[in-house]
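Have a look at the fold, then read on.

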Amino acid sequence: MSFENMFEYTPLQFEVVLAVLSLTAAVFAAALFYYLLTARSISPRLRITSYLSAVVMVSAIIELGALAIRWNGSFDWNGSAFALADGELFANGFRYMNWSIDVPVLLTQLLVVGGITGAAFRSKWIRFIVAGLGMIWTGYIGQFDELEAGASFWGWGAVSTVFYLWLLKVAYDVITEAKVNQPNVAGALNAVWILFLVSWTIYPVAYLMPVISETAGGVVARQLIYSFADIFSKAVYGVMLGYIAQKLSADEGYEPAIETSFWERPISKVS
Ligand code: RET
């Protein structure tokens, strides 16, 4: 059982969680439009990154929407606080299932925008999928024990962390190779690495939240932490990869990319 079900919440705490869950779904809906509307300014070779971002958004909107509805339905006002409603349970398990879709897609995008091709693409892709799904599913098993925080919680958490460290190593190698192949976007690739490292590493902190603060405030903090991580690891990441893809497209001479590079000074025509 998730530790969310252990507490009673003040109206403020209840509202903040609901607001943050729906805000996150709304951010994803807005980002979905952005990716689809800007896709045509990216060359056909790289455009799949916009469509993959859109796929992540659709799955995350459904997940966050379902989670917001579930939060709303799980607790009832009992006259003094929001308490667990009869026969209801809140669970974060939805999130893990959603990651099973989003994590492989986000990692595939990194290979595309990193310019990794051929046999290297295949071998890195397989590593990413095995490490990513291994990390999520072992973590999923561990989180069922978060109330006890016993051997299963720590053991599976540790196994998951090993998969995560492997995943980080592959991601670092991909970005290093991408910078060598595409030096004109090296700065932006560095920024993607920092964003990746910080936003992904927030998830294990959320996993540990029942141990860090076993209180109603801890529950609210965990949902805030998840939402922050979600917005940066999915939506902001997608915007950054789109930016890199457009810059690469412009450098390749793709006209729609050059025409829409509003952040570059226009080349003045010499008469
Ligand atoms: C778990 C279990 C505890 C140990 C570790 C974890 C890592 C989770 C990560 C999740 C990333 C999710 C993303 C989702 C985007 O949709 C599973 C919490 C290390 C890194 C990026």
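Predicted model: local features only at pLDDT ≥ 70, side-chain atom pairs only at ≥ 80, totals over all residues.

Residues are numbered from 1 along each chain as its sequence is written, and side-chain values use heavy atoms, with hydrogens and water left out.

**The overall layout**

The protein chain has eight helices and two strands (DSSP runs: H or I of at least four residues for helices, E of at least two for strands, numbered from the N terminus). Walk along the sequence and you get α-α-β-β-α-α-α-α-α-α. The C-alpha trace spans about 75 × 40 × 25 Å along its principal axes. Of the 271 residues, 49% are buried, meaning under 20% relative accessible area, with exposed being over 50% and partly exposed in between (1.4 Å probe, protein chains only). Take contacts (heavy atoms within 4.5 Å) between residues at least 6 apart in sequence: 77% of them join residues at least 24 apart.

**The core**

The largest nonpolar core has 75 residues, and Tyr 9, Trp 71, Phe 128, Phe 196, Trp 200 and Ile 244 touch the most other members. A core here is a set of buried Ala, Val, Leu, Ile, Met, Phe, Trp, Tyr and Cys residues joined through side-chain atoms within 4.5 Å. Helices giving at least two residues each to this core include α1 (11-38), α2 (48-74) and α7 (216-251). Leaving aside neighbours within four places in sequence, Tyr 9 has contacts that include Phe 14, Trp 71, Phe 75, Phe 82 and Val 219.

**Aromatic pairs**

The whole structure holds 24 aromatic pairs. Rings of Phe, Tyr and Trp (its six-membered ring) pair if their centres lie within 6.5 Å; planes under 30 degrees apart are stacked, over 60 edge-to-face and the rest tilted. Here are two of them:

| Pair | Ring centres | Planes | Type |
|---|---|---|---|
| Trp 71 and Phe 90 | 5.2 Å apart | 90° | edge-to-face |
| Tyr 172 and Trp 193 | 5.3 Å apart | 65° | edge-to-face |

Trp 71 sits in helix α2 and Phe 90 in the loop between β2 (82-84) and α3, so this pair ties together parts 19 residues apart in sequence. Trp 71 is buried at 0% relative accessible area, and Phe 90 is buried too, at 1%. Tyr 172 lies in helix α5 and Trp 193 in helix α6, so their pair links parts 21 residues apart in sequence. Tyr 172 is partly exposed at 46%, whereas Trp 193 is buried at 15%.
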